[in-house]
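Visitor: Hi, I'm new to this one. Can you show it to me, and then I'll ask about bits of it?

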Amino acid sequence: MCKYCLRLILVIHICLFASFSFAAVLHWSPVESSDECIIAGYEVNYGTISGEYTQVVDVGNVTLCDLDLLSLVPTQTYYFAVNAYSTTGQDGPVSIPVSYRNSPNIVEFPVIDYAGNTIDITFNEDNMLGADIKGNYELSPTSLFDTPAIVRTDKTYRLFMNYIPEYTIITMTLSNITDSQGNALISNSIILNDNDSDGMADDWEALYGISTAFLDADNDGLENRLEYTLSTSPIDDDSDNDGMDDGWEVDNGLNPVLDDADGDIDGDGISNLEEYFEGTGVSNSGPEKPMLYLPADSSTEVALAPQFRTTAYIDNENDAHAKTQWQVSTEPTFTVPESILLEVESYDALTVLTVPEFVLDPDQTYYWRVRFFDFLGGRSLWSDPFSFTTLTINPEDPDGNGVPDIQQVTDGTIDLDNDGYFDVSSSTYKMVSTNGISFGLEASNNVTSVDFLKSIDPDDILDTVGKPSDLDFGLIQFKISVANIGDTAQVKIYFSQPVGTTWYKYDLINGWTDYSRDYPANVEFSSDGQSVLLRLVDGGAGDSDGVANGIIIDPSGPGAVASVLSASSSGGGSGGGGGGCFIATAAFGSYMEKHVMILRNFRDEFLFKSKWGTAFVMAYYRYSPPIADVIARHGILRGIVRIGLIPLIVFGYIVVYMSPFQQAVISLLFTGLTMFAVVTIRSSISHCRELWLNLSIEHL
């Protein structure tokens, strides 16, 4: 016999219901013919002792045998093996045997007809005793029989039910059913509507076109079988259309098939939907609602740049205070976008904020409120708003012309823009003079008015982190109004003498930043150095009030490069984000945020001191701005990036801020922990291997 006929793979073709098997047909894999050996047919060998076959049946050139045709003795266990034979009469070796017990049984999957409310059960024998008695069938979930209850046709018994639930896996238990000789069924429990035993109802799979239990067809974090269990849709990531992904709802203890967007499961006053969009999770209740302190509610004669204060931060879960959000509005509900004059987040001075100049006007009533955030992103309720009324007259500008009286230009022969005409103040042009230096601001694109212009002495700014070393003109602070909320404004500033080519900004929230490097397309110096064209976006780049409200406030000015930033400046860098740390700035929200400063100092003190580090920074400057823009627009993504940057921040802190001795201690500690982890893992693997060998020996 040729070698291709040496072995058959023999299986009983069975219907599977959980752990229970029904047998009716013996089925085997075919043997392929070759030029030397042509298969003519197969012989079925069987007997009651494995390897001893008392019966041989030639079934021809087929790959199955109906066991009911072999006149097997009921309740007797038989062993079957098959061999092939060739056209030349040569017999191949028999296959590995399989066993089968000939007992009364169900020979195929029960068939459910939902429209007719019937279930067809087919046995391997006809006239089964007790099979026509409805009391011998119990269904879970319970389904009641109808009249007529059971009708038999040959070996098939049709059960008539009042109702069969759709998309439900049903357990049917049979009792007191035997063949005509009193032999009981092999098993008395079968599963209906789950023919492939995958834990999902067959009609539910057909409804959604699902066939695999462990895939996630809609990418909502729930595998198909879990979707079935939860009664959610496996092809819709938001089954209840409440705006929250099914997987997120399950993870946070919400009901994915009930619209609970407006609910507040953790009782923190923030709706579930808001928690979802903020990425905070409903399991974190957030800090307690803050209480405002100063200025007191309904205060009058409040300064135009007042200092806000709140009471202390409280979090019942002891989560650390991460940031504070501040808002100032002209109306008490804070629901009108154009009425919100200031919206900023502070990361250091968490319960104190000095309002930037020009945000507030004289003799006006304003409202302010605050909310706290913990380090997990949980937020408090907004505080109850306080109101206050500002000073009746701006003490710097009693005449109300938008320029401090002591800085007004009295010389009527100045022509800063060199157009051949003496400069005259107008709604879109203002001038100031201080310390013998004059400058004028002319507004154009989308600007309706220049509301205020002044010069700030840099010595009055105590924040020295990143402060330019030379600010001959001081800071130029102005307030302009634009035609439409969100407009990009354009202003041109003329100087009485040339200035450098670096343009710095400063505000109380973000500190000192190099605007000409962060946004190079928004700063254009003239060739003679006596003017600069600035582009600023309401609520965006260059607007210090942090909100699109039709007003742009910008304290900035020309200055030399500060020593603390010299390495950063030599690095080049352009695009969005802040001082070259684009992605980090987008993630943490501020160029001067403490974590960003660590990364920036790591760049200057470590990366720039090697060729490979400099090359890395240059590549980073080239490719990171568009990534930073995407991160800045998505709150959840900013949180993910912040977490991802933690290892680099820790490493940067160790490199820049720790002494060599401290670095050595940490290095030794890390090495020790690593070695301990390796030894522990190896020991665990060895123990598992030994345990596995012992188990294997026990089973031999």
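Visitor: How many bridges join S10 to strand S13?
Guide: Four bridges join them, and the two strands run antiparallel. Keep in mind that this is a predicted model.

Visitor: What's the bridge partner of Ser-140 in S13?
Guide: That would be Thr-171.

Visitor: And what's the strand order in that open sheet?
Guide: The order is S10-S13-S14, three strands with antiparallel pairing. The edges are S10 (137-140) and S14 (189-192), each pairing on one side only. On average, neighbouring strands here are turned by 25° against each other, direction ignored.

Visitor: New topic: what volume does the second largest pocket have?
Guide: About 500 Å³. It is lined by 26 residues, and the closest to the pocket's centre are Glu-357, Ile-456, Asp-460, Ile-461 and Gln-477.

Visitor: Which element gives the most to that lining?
Guide: S25 does, with three residues. Strands S23 (429-434), S26 (475-482) and S28 (503-507) are also among the elements that give two or more.

Visitor: What's the lining like by class, nonpolar, polar or charged?
Guide: The lining of the second largest pocket has twelve nonpolar, eight charged and six polar residues.

Visitor: Okay, over to Ile-640. Where does it lie?
Guide: Ile-640 lies in helix H10, which covers residues 635-657.

Visitor: Is Ile-640 buried or exposed?
Guide: Exposed, because its relative accessibility is 53% and the cut-off for exposed is over 50%.

Visitor: How far apart are Ile-640 and Ala-587?
Guide: They're 53 residues apart in sequence, and 8.5 Å apart in space, C-alpha to C-alpha.

Note on methods. Residues are numbered from 1 along each chain as its sequence is written. This is a predicted model: local features need pLDDT of at least 70, side-chain atom pairs count only at pLDDT 80 or more; totals for chains, interfaces and linings use all residues. Side-chain values use heavy atoms; hydrogens and water are left out. Buried means under 20% relative accessible area, exposed over 50%, partly exposed in between (1.4 Å probe, protein chains only). On a 1 Å grid over the protein atoms alone, a cavity is a set of points where a 1.4 Å probe fits but cannot get out, and a pocket is an open set with protein on both sides within 12 Å along at least five of seven lines; lining residues have an atom within 4 Å of a point. Grid points are joined across faces, edges and corners, and a volume is the space filled by probe spheres set on the points. Ala, Val, Leu, Ile, Met, Phe, Trp, Tyr, Cys and Pro count as nonpolar, Asp, Glu, Lys and Arg as charged, and the others, Gly among them, as polar. Two strands pair if DSSP finds at least two bridges between them. Axes are lines fitted to C-alpha atoms, for helices over the stretch in contact, and angles run from 0 to 180 degrees between N-to-C directions.
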